[in-house]
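Hello,

Here is the structure I promised to pass on to you.

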Amino acid sequence: MSTRRSKSVTPRATNTGRAVEIDAQSYFAFVNDLKNKIVQARHRASLSVNRELILLYWTIGSDILARQKREGWGAKVIDHLADDLGRAFPEMTGLSARNLKYMRAFAQAWPDGEFVQQVVAQLPWGHNVRLLDAVKPSEERAWYARQAIEHGWSRNVLTHQIGSNLFVRQGNAMTNFSRTLPADQSELAQQIIKDPYTFDFLALGPEMLERDLERGLIEHLRLLILELGKGFAFVGSQYHLQIGGQDYYLDLLFYHLRLRCFVVIELKIEDFKPEFAGKMNFYLSAVDDQLRHLDDKPTIGIILCKGRNEVIVEYALRDSTKPMGVAQYQISEALPPQFEEDLPTLTEFAREFPLMSLVKLRIEIERALRKFAEKRGIAFDRPTGIMDMLRDLRQQGAMPASTEQMLGALSVMNEASHSVDVDADAATRAVDIGTLFLAELTTTDD
């Protein structure tokens, strides 16, 4: 499939009457760059329009409030306003009586006009209505508004985060960060760890094993990264480390872009035990020694357990010199009914399938490459990424024919692994190239 597509779209240019071949990879990169610029420009324009609309709604709501207070108007006046404004502006769909009441509530909830301009005017009207309906305390509502802007939450995601009580869970884990990290990093690290984590997207029964939990999280990697929060970049699952001639495997390994450090996550299907902290301390020392670069901060560990006793956790972490935290997780067999209609449908999740396929394909390719190298007597001194393995293997002259194409597709796979939105066409091409490369790799290996 991929070979046929690349032939049909390979561009040609003319120079002084002669046809000139254009490098397909360079051309596609140029097209994607232009697409990104167009999307960004359209996004900036839509933000400007949205901001003016939100400010208009706030002004209308403030005027209604002021008139009702000064003139003693009752609630029915809003119905008359809706009729009169609807006749004057028939092309506008946001002037219904119901929406005018939301405008009044909006102005009442946010009396500070400067805050409206700087914060909530950046959110679409649907987001603001959801905040009015679902969050009553003003401090909590303002926190969700800022988080939605910072993380780019859709309305469905905002609904889910409110329903999962993220405001209370954020920064609530038990850690030793205040003793083991510098003050500036300690505060940020504490805020990124929640307690409990909610894995409502998993459908696992009571007899699940730890490998079932890990497999489910990897299969829903994008949702896992959404729950972990902004800044987590996926590195690998069952990440291999060789220590003292023995093999060890980390359940999940991430790199946090703001903290500038690796994050090791260990999954436990039972309540916290003191020995979990000892094993995590061992892993953190190994990652600091084998993976950490000079500019990286100390590696952080997160132990996710089914439950915890706070006294036991306190004793286990008290004398540890490595930064780690302990948090709980929750798994629901089904989503609460009140959220089912608001969360993405199966059809909407299906649109994300190419990206999740890329992540799984990347993991399969990395494992196949290691096996390919080992059978040829090529050993890597330390855990090595796909790009480095490809470079080393290419120097040995024993690589599949599609290796060069794979190098181009790898950047798309890495973006998908880091939860970055990827152009659908680029994702499809990367899947085609990666599948071809994996097949050639396996065939050559056999």
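Below are my notes on the cores, a surface patch, the cysteines and the salt bridges.

First, some ground rules. This is a predicted model, in which local features need pLDDT of at least 70 and side-chain atom pairs count only at pLDDT 80 or more, while totals for chains, interfaces and linings use all residues. Residues are numbered from 1 along each chain as its sequence is written, and side-chain values use heavy atoms, with hydrogens and water left out.

Let me start with the inside. I use "nonpolar core" for a set of buried Ala, Val, Leu, Ile, Met, Phe, Trp, Tyr and Cys residues joined through side-chain atoms within 4.5 Å. "Buried" stands for under 20% relative accessible area, "exposed" for over 50%, and "partly exposed" for what lies in between (1.4 Å probe, protein chains only). The largest nonpolar core has 58 residues, and Phe-254 and Leu-369 are the members that touch the most others. Its top contributor is helix α18 (residues 353-375), which gives nine residues. Helices (H or I, at least four residues) and strands (E, at least two) are DSSP runs, numbered from the N terminus. Apart from this core lies another, of 39 residues, including Ile-64, Ala-82, Trp-125 and Val-129. As background, nonpolar side chains tend to be buried together in soluble globular proteins.

Which residues does Phe-254 touch? Leaving out residues up to four places away in sequence, its contacts include Leu-224, Phe-232, Val-235, Cys-261 and Ile-265; a contact means heavy atoms within 4.5 Å.

Cys-261 leads on to the cysteines. Cys-261 is buried, at a relative accessible area of 0%, and Cys-305 is buried at 0% too. How many disulfides does a search of the whole structure find? The count is zero, where a disulfide is a pair of cysteine sulfur atoms within 2.5 Å.

Leu-53, Leu-56, Phe-89 and Met-92 make a nonpolar patch of about 300 Å². Patches are made of residues with over 30% relative accessible area and no salt bridge, with like charges joined within 9 Å and nonpolar side chains (Val, Leu, Ile, Met, Phe, Trp, Tyr) within 5 Å. The areas come from the Shrake-Rupley method with a 1.4 Å probe; for residues, only the protein chains shown count as cover. Met-92 sits in the loop between α3 (77-88) and α4 (97-109) and is partly exposed because its relative accessibility is 32%.

Finally, the charged pairs. A salt bridge here is a side-chain nitrogen of Lys or Arg within 4 Å of a carboxyl oxygen of Asp or Glu, and nine were counted.

- Asp-288 pairs with Lys-322, with the closest N and O atoms 3.3 Å apart. This bridge links distant parts of the chain, since Asp-288 is in helix α14 (residues 274-290) and Lys-322 is in the loop between α15 (310-318) and β9 (324-330), 34 residues apart. Asp-288 is buried at 14% relative accessibility, and Lys-322 is buried at 19%.
- Glu-314 and Arg-318 meet at 3.8 Å, N to O. They are separated by about one helical turn because they lie four residues apart in helix α15. Glu-314 is partly exposed at 38%, as is Arg-318 at 41%.
- Arg-51 bridges to Glu-52, with the closest N and O atoms 3.6 Å apart. Arg-51 is partly exposed at 30%, and Glu-52 is partly exposed at 49%.

Best wishes
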